[in-house]
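I set out to record what I looked up in this structure, entry by entry. The entries follow the order in which I worked.

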Amino acid sequence: MTTPFAIKAYPEMWEGLDMDVARFDKARQMLGTAYEKMYLSQSNRPQAMAYFDDLMAEIFGRRIEELLAVKKEGRPVVGTFCVYIPEEIVVAAGGVCVGLCGGSPGSIPDAEKILPRNICPMVKSAYGFKAGKICPYFQAVDFVYGETTCDAKKKTWELLDRLVPTYVMEIPQMKKGRDKTLWLEEIGDFKAKVEEVCGTTVTADNLAKAIVVINDKRRALQRLTKVRGSNPAPISGKDALLIEQMAFYDEPVRFARQLNELCDELEERVRSTTGVMPASAPRIMVSGTPMALPNWKVHNLVETAGAVIVNEESCIGTRYFKDLIDESRTNLDQQLEALTDRYMQIDCSCFTPNNERVDQVLKEYRASNAQGILHYSLQFCHTYNIEEIKIREACEKEGIPYLSIETDYSPEDVGQLQTRIEAFLEQIRG
Ligand code: SF4
Ligand code: SF4
């Protein structure tokens, strides 16, 4: 008899982090149940997913212990909310970067005590985790670094600063020469702040090493994306999404090693045409706003309906890892410029114009051998919701089956989404 899956409890450690332990413990149990139902019920999973299942079981335990050990050594733990924040600089300074984006409805009521209701659930969920003291990552960070990508985020940081030291990086909204100059200066300020807090200096040498560490993580994620282009798909979209989410929590060297091990197995599956679903299963690419842990809502609906998700064009997805940093630069100024160049390639909808994202969506659609695109927008995310029009037009022009959904984290619209997704899959099946 197999033991039921559980996310391990570390009440004493959580107490030490000044958490609302009783409330958090209920959330931990619910998350464990949801994971068991959605993840462990899948058939024919790759064996190397065992590492990521274990990571999930220890997400609020062993990984937090590791972060606390880092802090004990005098190294900082920095929380971020956006893939524009250059984690290489934190790693170069000896620190650890963790993603704090919120993907759960459980913390939203805490946020709505102060924030307006009509802002994106990701921002509310993240803020609520801190306000309600129900996230050990938020409790463990030394400071957080926000950004000025969208209005909801940049105004929330002013309030978040009352709860945890919050610094803000100005992200340009265009990509002209002067925007690059601003962006380079912002990266310099970020480096100075990290050095000040860490008490260490970012040198050409430690930055070069950090660039390789994070590039290696991105290379492993690229490898995972590539292998998903095979039919039958060797891994489910749900598992791939989980890995992309874990990329923001796990120790980067270990994560890349384990993911490469999984990719070895997946490549072997491709050679032997072993899939998680039959080759006839509709292949769907998701594009749009990021799905932060534990937001598995749409992937679960699509894959429960018999299709497979083969790509996420998203910040928790390819936008995080499609571009690497030039490793050939040897002096600090050149390295900071290389960082700037790489980060300026991110095609978030907060930029205008952002036509390169439309091209990128089409490119990834072809590379993933998908048969349809599901555009995913979080409610009240104006930039992605409006940019969706251009993605839809491009899909119409190319004859790509297309479905756009706008949703939040609540289960209320699940029935309606299920009906729309099933109709979309029928259209693809012909
Ligand atoms: S969608 Fe935009 S704001 Fe959100 S994480 Fe990605 S780059 Fe940052
Ligand atoms: S999903 Fe949209 S509204 Fe929400 S934080 Fe990201 S860019 Fe802002």
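**Entry 1: Helix H9**

I looked up burial in H9 and found Lys153, Thr156, Trp157 and Leu160 to be buried. I took a residue as buried if 20 or more other C-beta atoms lie within 10 Å of its own, as exposed if 12 or fewer do, and as partly exposed in between, with C-beta atoms placed from the backbone. Helices (H or I, at least four residues) and strands (E, at least two) are DSSP runs, numbered from the N terminus.

I note that the model is predicted: local features need pLDDT of at least 70, side-chain atom pairs count only at pLDDT 80 or more, and totals for chains, interfaces and linings use all residues. Residues are numbered from 1 along each chain as its sequence is written, while chains are lettered from A and ligands numbered from 1 in the order in which they are written.

I then asked what covers the buried residues of H9. The cover includes H7, strand S3 (143-147) and strand S4 (166-169); contact requires C-beta atoms, placed from the backbone, within 7 Å.

**Entry 2: H7 against H9**

The axes of H7 and H9 come within 11 Å and cross at roughly 10°. H7 is therefore roughly parallel to H9, a term for angles under 35 degrees. The axes are lines fitted to C-alpha atoms, for helices over the stretch in contact, and angles run from 0 to 180 degrees between N-to-C directions. H7 contributes Val123, Tyr127 and Lys130 to the contact, and H9 contributes Ala152, Lys153, Thr156 and Leu160.

**Entry 3: The ligands**

Around ligand 2 I found 13 residues, of which Cys120, Met122, Cys150, Thr289 and Cys381 come nearest; a residue counts as near if its C-beta atom, placed from the backbone, lies within 6 Å. Helix H7 (121-131), helix H9 (151-160) and helix H18 (382-398) each give two or more residues to this shell.

Around ligand 1 I listed Cys82, Val83, Tyr84, Thr149, Cys150, Pro290, Cys315, Ile346, Cys348 and Cys350.

**Entry 4: Asn300**

Asn300 lies in helix H14 (residues 297-304). I record Asn300 as partly exposed, because 18 other C-beta atoms lie within 10 Å. Asn300 and Gly237 are 63 residues apart in sequence and 8.7 Å apart in space, C-alpha to C-alpha.

Methods:
Contact = placed C-beta atoms within 7 Å. Parallel < 35°, antiparallel > 145°, perpendicular 65-115°, else oblique.
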